[in-house]
Amino acid sequence: MKKNSFLYKVYDLYYDGFRNMTLGRTLWAIILIKLFIIFAILKVFFFPDFLKEHAEGDEAGYVATQILNQ
């Protein structure tokens, strides 16, 4: 990649910014931990797989009948 290209300048900006970060690393770690909790743990306990319980193998047919009945 040429050093004068736009993509290289953008990459260099972000690379330099993340390399020199001190407090930001801690904040990114907190953000990643929160995302893990939201998507991994809460999904398992609070959001059951509705289609698996009601469709019995024919998910597309179940969704089509639900849409057409309403």
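This is a guided tour of selected residues in a predicted model.

Residues are numbered from 1 along each chain as its sequence is written. Local features need pLDDT of at least 70 and side-chain atom pairs count only at pLDDT 80 or more, while totals for chains, interfaces and linings use all residues; side-chain values use heavy atoms, with hydrogens and water left out.

**Helix H1**

Begin by selecting residues 6–19, which make up helix H1; helices here are DSSP runs (H or I, at least four residues), numbered from the N terminus. The term denotes a side-chain nitrogen of Lys or Arg within 4 Å of a carboxyl oxygen of Asp or Glu.

**Aromatic rings**

Next, select Tyr-14, Phe-18 and Trp-28, which ring pairs link into a cluster. Rings of Phe, Tyr and Trp (its six-membered ring) pair if their centres lie within 6.5 Å; planes under 30 degrees apart count as stacked, over 60 as edge-to-face and the rest as tilted. The whole structure holds four aromatic pairs. One of them joins Phe-50 and Tyr-62, a tilted pair with 6.5 Å centre to centre and 55° between the planes. This pair links distant parts of the chain, from Phe-50 in helix H3 (residues 50–55) to Tyr-62 in helix H4 (residues 59–69), 12 residues apart. Phe-50 is partly exposed at 47% relative accessibility, whereas Tyr-62 is buried at 18%.

**From H3 to H4**

Now move to the loop between H3 and H4 and select Glu-56. What is the phi of Glu-56, which is not a glycine? The angle is positive, about 55°. Most residues other than glycine have a negative phi. Glu-56 is exposed, with a relative accessible area of 71%.

Then colour Asp-49, Glu-53, Asp-58 and Glu-59, which gather in a patch of negative charge on the surface; Glu-53 belongs to helix H3. Such patches consist of residues with over 30% relative accessible area and no salt bridge, like charges being joined within 9 Å.

**A final distance**

Finally, return to helix H1 and select Asp-12, which is partly exposed at 36% relative accessibility. From Asp-12 to Phe-50, the separation is 38 residues in sequence and 45 Å in space, C-alpha to C-alpha.

How values were computed:
Helices (H or I, at least four residues) and strands (E, at least two) are DSSP runs, numbered from the N terminus. Buried means under 20% relative accessible area, exposed over 50%, partly exposed in between (1.4 Å probe, protein chains only). Patches are made of residues with over 30% relative accessible area and no salt bridge: like charges are joined within 9 Å, nonpolar side chains (Val, Leu, Ile, Met, Phe, Trp, Tyr) within 5 Å. Accessible areas come from the Shrake-Rupley method with a 1.4 Å probe; for residues, only the protein chains shown count as cover. Lys and Arg count as positive and Asp and Glu as negative; His and the chain ends are not counted. The place of a charge is taken as NZ of Lys, CZ of Arg, CG of Asp or CD of Glu.
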